[in-house]
Amino acid sequence: MARIVRAQSRRDVLKTGAVAGLGTLLGPVAGQAAPKSLTMMHESSFIPPYDAYFKNDLARAYEKATGIKVNYEVVSVGSLLTRVTTAAENSTGPDLTAIGFNWAYLFDDKFVDVTDIAAEIGKESGGWYETAQEAVVVNGKWKAIPFGNIGQLMNWRTDWFKQAGYEKFPETWDELLEAGIKLKKAGHPFGFELGHGFGDNHGWLYPLLWSYGAREVEADGKTIAIDSDETARAVDYCRRLYKETMLEDCLGWTDVNNNKAFLSEQISCTNNAESILWAAKKDFPDMAKVIDQSENPKGPKGRFHMLNPLCHSIFTHTEDKKAAKDFLRWLMAPKQCGAWLDIAVSYYQPFLHAYDDAPFWKVEPRNLPYRDALKTSHLPGWPAPLSRAQSESVAKYVVVDMFAKACSGKSTKEVIADAKAQLTQIYKAA
Amino acid sequence: MTVDRSSRLLKLWVPLGVSLFFALFPFYWMAVTSLKSNQELYSRKVMPLIVHQPTLKHYVDLITETNFLEWTWNTFLVAITSTAISLLFGAMLAYPLARIRFAGAALVSFAIAATYLVPQPLLFVPLADIINKLGLGDTLTSVILTYPTLLVPFCAWLLMGYFRTVPAELEDAARIDGAGRLQTLIKIVLPLCGPGFISAGIFAFTLAQNEFLYALIFLTKTEVRTVPVGAVAELVRGDVFYWGQLMAAALLGSIPVAIIYSFFVEHYVAGLTAGSVKG
Amino acid sequence: MTAPSLAPALVHRRPAFSFGRWLERGGVFSWLMVLPPIAFLAALVGYPFFYGIWLSLQNRPVAKAGVFVGLDNYIAAWHDPVFWQVVVNTFLYTAIATLLKMVGGLGLALVMNQDFRFKNLTRALLLLPFIVPTVLSTIAWQWILDPAFSVINWTLVASGLASSPGPSWLGNPYLAMASLIVVNTWRGLPFYAITLLAGLQTISPELYEAATIDGASTWQRFRYVTLPLLMPVIFIVTMFSVIFTFADFQLIYVLTHGGPANATHVFATYAFDIAMGGGQLGQGAAIALTMVPPLALIILAMAIYMRAPKT
């Protein structure tokens, strides 16, 4: 490492010299005085008005108030982590960024400690949900400010379920299986993602695992616990659910497939964020009337959901940490934060209790379950604490593939053994 | 006469027809998708291969609501410049390796080959470092500079093959007449390798305009993005794909290029078969 | 370039060295020509490559300092069953797709070498799969391969050969691999064909005439005139196709992202997931670098072939 560092600093000297030389010729280089601009990187929201609101309203308001221009850089959801990684590795790029999952932990060293403004914001807005803190508190310090959860819940067709005899959404997984068998017979199968997507697969498979009392790793973060009766039961259930209620294609589904299948009336139920209902209301108003959203079914050991938090962090390479923090603080104040959340009409479920009864929940009451689910939402890898091993497990689709392979024919014993071997290697190296 | 016609059918029209169908069916699908409203697109009740209620909405939205036109301009600029650089560098590498025995040729050959050993998913982190240190982040220069790394070796090797098809006697004759090496290269060899440059050029241009990973890393502001990255960033939002606009982007991004190609190919092949090889 | 005459030498003590002459020397000329491109490649490829090797020898979590661990990453890969599946997938994918492209490309080139109307339009149209940005055409294929919308499925179901909804092109592990191969072939074959076509057209028609006069049949003309002269180009394009297909990323990433259950994971996608998704740059680099030995063997073969300039 030292060799690389020395080589890089030599290069740096040359380059800085050249740039500095050019700089004096061309004029003052931005950033030597108070920052005239900040850049915030964000994933492109599937609700375009949300992005537009930032660019047109929030950014302008801030510039008017402080003179600092705020740029909004949009990256597609799948590419955000790559961009954050490159920015962090090279210590250059945007000042603030949206992050997800456990990235506050992954990039701990490169994110500014925002515990102070987090406390202020919490106090100002009714306090933080505890589950939110799971994702952003690293070694006692807040490395990101939670903004909202992108919940993954059950989306279902009320008309077809009613025809099969179900007025409410099934309470337990077993009931769901029964319903699914009836519905598949009636020509309305289920479609849950089992492929290598980034959200709609984890969104139901981890909760399924947890609701049977199973887990990848114990709360101590070290003991591999995947090889258990509970896991076996969850796997067996999943296999039945797949074989008896779903389309074969689900094995290869990535995140866009279930939206497509639902909107083209191929399936009667799936696990998804609010995007299906949103799209239906826009393009298929008749169908939208018969869509509802419900919490995940209960298993023997409870009801669980995926925590999929959208948070904002400040890179340590930013030129003016105070300016960035001030901006973030301003952004999370009720006036700005509330308005921004409002535009997204509860697609991002806020982590601050002040918004539990916000008006936007009344706009679409069917989104309320997403709020209710916050209490039982956890990150993949739970109950183990934040770790890199957790990221590796998700990136390698350990849990998803375990279920998927069982569904495509492998024995429960075999798939659990595979998962155990993978997790052992992953958590050992950590 | 009948034998001729049926043999022509078999040797030409059938294979050609099949190939064209295989190659173009997806484009038909793209066209159809780009002209369908969302309602029609998702409906499984209608025959998917026909557009029942065509709409130009996706094209309009693409051009007016995204920076598509800017992306297209950026893409062309980048592709043309990197192609030019790659062809130049490629020729500079190819000629000596193809024609001259010189010390260290094996080493050079190997070095070029070794370039392709390095997979892009590995290269991009340290490359991002270099680009940032040079202050080229978010500039088209960053990709113009890095694309040739993908293109030069192939251009070099392709051109080497073409250079070798030039009969050595022609070059020897020129040298005997007093021409220097550079002159020989420019006046004798290059003109005869037109098709090679066209092929290499088409290859380089296409790869450059298609490239995704480097553009994703280096071009972050929407004004400097190229079509692939821009389209994905703005038209793929989470699990919601704006299919109509994506397909419109695909067609608008490729058909003009194909038309331009058809001119190039015609020009050079015609020039060649006009008889410069004979005698 | 005439030799300096003796007379002026006696008068002016002209230097025996002539710059122009020196430039003309094989070695000098060659090195001057290759130096700029080599320097360019060394800076932008060589340095990152060695950096990558260094990375692969470390335990290097993203945004953290690395710890040297020697070959641990490679050993971990050796014991990783998913890694071996990736190896098999990649070789299978590359071998079959390249074979299809080579045979199909050559065939198509021969067909297009004939004279017919709309030749140029056809050529341009056939290049379209190669021209369209991969990421966008792959998104189109997602839809085409969806059983609910696929014409193939519709036909199979309607004719009774399959039960609704028909084969799951991306859900069934074997079909998924097959589908990816088909899409890769679709994208790459036209380029193969056009390049070989250009090669065919540099073959002097005189040679064909001579062969015909000697009584050669079409097949013999192909076998003894076309094939040998086309060999260099076929060889190069095939080798490159192998290299590019081996390292293919975009197509697979978009269509299946390595699924279902790793059935289509290849080196590039797996390395990317580990490095970017898992935040383990060292491990990701190691996986990416395991591509090097098989590729190196191919490249060595090519380099040997290229070294001696043939007349």
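Good morning. Let me begin with chain B, whose secondary structure comes to 13 helices and 2 strands. Please bear in mind throughout that the structure before you is a predicted model. Along its principal axes, the C-alpha trace of chain B spans about 75 × 70 × 30 Å. Chain B has 279 residues, and 55% of them are buried. If we take the contacts in chain B between residues at least 6 apart in sequence, 74% of these join residues at least 24 apart.

I turn next to the partner of chain B, namely chain C. Between these two chains, 89 residues of chain C are in contact with 97 residues of chain B. Which helix of chain C gives the most to this side? The answer is helix α3 of chain C, residues 26-56, which supplies 19 residues. The side of chain C that touches chain B consists, by class, of 68 nonpolar, 16 polar and 5 charged residues.

Helix α13, residues 267-277, and helix α14, residues 281-289, both of chain C, have axes that come within 7 Å and cross at roughly 170°. Angles over 145 degrees count as roughly antiparallel, and α13(C) and α14(C) are therefore roughly antiparallel to each other. On the α13(C) side, the residues making the contact include C:F267, C:Y270 and C:F272. On the α14(C) side, they include C:L281, C:G284 and C:I287. Sorted by class, this contact has 10 nonpolar residues, 2 polar residues and no charged ones.

Chain C also meets chain A. Here 39 residues of chain A are in contact with 37 residues of chain C. Several elements of chain A give two or more residues to this side, among them α3 (80-90), α11 (255-263) and α20 (412-429). The residues of chain A on the side that touches chain C divide into 15 nonpolar, 12 polar and 12 charged.

Let us now consider chain A itself. Chain A is divided into two parts: domain 1, covering 36-150 + 308-370, and domain 2, covering 153-306 + 387-429. How far apart are the centres of these domains? Taken over C-alpha atoms, the centres of domain 1 and domain 2 of chain A are separated by 28 Å. Their contact draws 12 residues from domain 1 of chain A and 16 residues from domain 2 of chain A. On the domain 1 side, the touching residues are 7 nonpolar, 4 polar and 1 charged.

Finally, I come to a sheet in chain A. The sheet is open, has 3 strands in the order β8-β7-β9, and shows antiparallel pairing. At its edges are β8 (269-272) and β9 (291-294) of chain A, each of which pairs on one side only. On average, neighbouring strands of this sheet are turned by 30° against each other, direction ignored. Strand β7 of chain A, residues 153-157, is joined to β8(A) by 4 bridges, and the two run antiparallel. As an example of this pairing, A:M154 has A:N271 in β8(A) as its bridge partner. Helix α12 of chain A, residues 275-283, lies across β7, β8 and β9 of chain A, and runs at about 160° to β9(A).

That concludes the presentation. Thank you for your attention.

Conventions. Residues numbered from 1 in each chain as written. Chains lettered and ligands numbered in written order. Predicted model: local features only at pLDDT ≥ 70, side-chain atom pairs only at ≥ 80, totals over all residues. Pairing = 2+ DSSP bridges. Axes fitted to C-alpha atoms, helices over the stretch in contact; angles between N-to-C directions. Contact = placed C-beta atoms within 7 Å. Domains from an automatic or database assignment. Nonpolar A, V, L, I, M, F, W, Y, C, P; charged D, E, K, R; others polar. Buried ≥ 20, exposed ≤ 12 C-beta atoms within 10 Å, placed from the backbone. Parallel < 35°, antiparallel > 145°, perpendicular 65-115°, else oblique.
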